Amino acid sequence: MRISVVGGGYVGLVSSACLAELGHSVNLIEIDKKKVTCIKSGHSPIFEDGLDEMLAKHINLNLKISSDYNDVPLSDATFICVGTPQSHDGSADLSMIKAASHSIGNVLRDSEKYHVVAVKSTVPPSTTQQLVMPIILENGRIKDQNIGFVMNPEFLREGRAIQDFMKPDRIVIGSSDIKAGDLIATVYHGLNAPVVRTGITEAEMVKYASNAFLATKISFSNEIGNICKRLGIDVYEVMKGVGLDHRINPYFLNAGAGFGGSCFPKDIMALIHLAERLEEDPILLKSIITVNEHQPKRMVDMLEKKIGSLSGKKVAVLGLAFKDNTDDVRDSRSIGVILDLKNKGAWVAAYDPKANVSMRSIIPDIDYCSSAAEALKNADACLVMTEWPEFSSLEKEFDLMKSRIIIEGRKILSCADCEGICW
Ligand code: UDX
């Protein structure tokens, strides 16, 4: 099939490369010229396992990238994969969805070929029907029989996005007409996954409900972990026992510093905003965020209890990315921790295997180190914020510290004298 993808960010780029891998002819549209040049040369502007190899294999063959929408009418379907960041009031900012819809509507106006527009971006329920569809149809020249609309949410985890695309747990296709949904189902032929067919608004809500539920599991585990810590109980042993109940399952029960990233915090805030607009009080959703905001603060409190005033103390912060296997620091739990440490007068020496550069653009005035050992040298304390596998073998490097005060926010270290946030 010929497929256009609007937006060369995380979701759009991974989806484009994977759709090309599935054998489709993909036309990726990205307005940022720097990104276009980078991707054209076969390189990914973001760090994602396996993506460079996949781009190099398909770029300029069955994967083309440009900044214009000219080829959209030649495609069978267009996926909208632009960002829906958090607005100042917590709601989802839909300005990029609007802009993409206008551009798609403009080029499709005189097309006589059947075309399906599929929204992949995470959008609040009704956005596809009340915003995307009217904008695309506003010129009144696209005939009803030539256009269909679908909502097809993505469930890609950063760092594991290619695997999640190629081996999904499920493919959700929301459509109001069968023909449009069938066409998008054909795009995924060859993938071995159940296809869930729903209405458009239901598909939009599946994404929010999935992310909110996963975040609930994490905040729940953190709350249980905080109680366990008081009682001297190992929450990881507890959750192993809990997770083996098939009604619960063992995933996303890792207690620690809480969740960050580009999706969970913003999607839960958007859901809270939506609920409040509907005059509902989303007590549980608000608690998920409250627990998540408290978790990193607990690490700094623990540190102060151990070493007193942080003023003038050197604190090594290991891990800046919001999780392992990515250079993304969006809403990373280490941001709040570093700012807290700085406010209390500590000297922060930070190290991350991939995310030093991205964190420097948010917090420029701390020391960035090229290894864990460099950060630990003469440090008064160490906080571990990301579950990078390379941290699991740290042991003798801690001897470089002035004193071995080590607090981990992710259960990753193997040394016996470190203290966990909830264990
Ligand atoms: C998430 C969803 O998993 C994905 O389906 C959606 O499309 C986008 O958002 P992502 O943000 O890439 O993916 O990361 P994920 O692996 O889900 O982790 C999110 C955060 O939760 C990380 O900060 C991670 O460290 C934390 N986490 C995860 C925990 O604290 N405990 C866990 O048990 C699991």
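Select Ser87, which is buried at a relative accessible area of 19%; buried means under 20% relative accessible area, exposed over 50%, and partly exposed in between, with a 1.4 Å probe and protein chains only. The model is predicted, so local features need pLDDT of at least 70 and side-chain atom pairs count only at pLDDT 80 or more, while totals for chains, interfaces and linings use all residues. Residues are numbered from 1 along each chain as its sequence is written, and side-chain values use heavy atoms, with hydrogens and water left out.

**From Ser87 to Ser95**

Ser87 sits in the loop between strand E4 (77-80) and helix H4 (95-108). Helices (H or I, at least four residues) and strands (E, at least two) are DSSP runs, numbered from the N terminus. Display the surroundings of Ser87: not counting residues up to four places away in sequence, Ser87 touches Ala92 and Asp93, where contact means heavy atoms within 4.5 Å.

Next, select Ser95 in helix H4. Ser95 counts as partly exposed, at 42% relative accessibility. The side chains of Ser95 and Asp93 are joined by a polar contact of 2.8 Å. A polar contact is a pair of N or O atoms within 3.5 Å; within protein, one must be able to donate a hydrogen and the other to accept it, and residues adjacent in sequence count only if both atoms are side-chain atoms. A distance drawn between the C-alpha atoms of Ser95 and Val82 reads 9.6 Å, for residues 13 apart along the chain.

**Ser121**

A polar atom of the Ser121 side chain lies 2.7 Å from the backbone oxygen of Val82. Ser121 is buried, with a relative accessible area of 5%. Leaving aside neighbours within four places in sequence, the contacts of Ser121 are Ile80, Cys81, Val82, Thr84, Ile97 and Met151.

**Helix H8 and the cysteines**

Move to helix H8 (residues 200-231), whose 32 residues reach 47 Å from first C-alpha to last, close to the 46 Å expected at 1.5 Å a residue; the expected span is 1.5 Å times one less than the number of residues. Just after H8, Gly232 takes a positive phi of about 70°.

A search of the whole structure finds zero disulfides, a disulfide being a pair of cysteine sulfur atoms within 2.5 Å. Select Cys422: the nearest cysteine sulfur, that of Cys228, is 8.4 Å away. Cys422 is buried, with a relative accessible area of 0%, whereas Cys263 is partly exposed at 22%.

**The sheet around E10**

Finally, colour the open sheet of six strands, which has the order E11-E10-E9-E12-E13-E14 with parallel pairing. E11 and strand E14 (419-420) stand at the edges, each with a single partner strand, so one side of each is left without a neighbour in the sheet. Two strands pair if DSSP finds at least two bridges between them.

Centre on strand E10 (residues 347-351), where four of the five residues are buried. Five bridges join E10 to the parallel strand E9 (residues 314-318), and two bridges join E10 to the parallel strand E11 (residues 367-368). Select Ala350 in E10: Val317 stands opposite, and the bridge partner in E11 is Tyr368.

To end, trace E9, helix H12 (residues 333-343) and E10, which make a right-handed β-α-β unit. Right-handed means that, with the strands pointing away from the viewer, the path from the first strand over the helix to the second runs clockwise.
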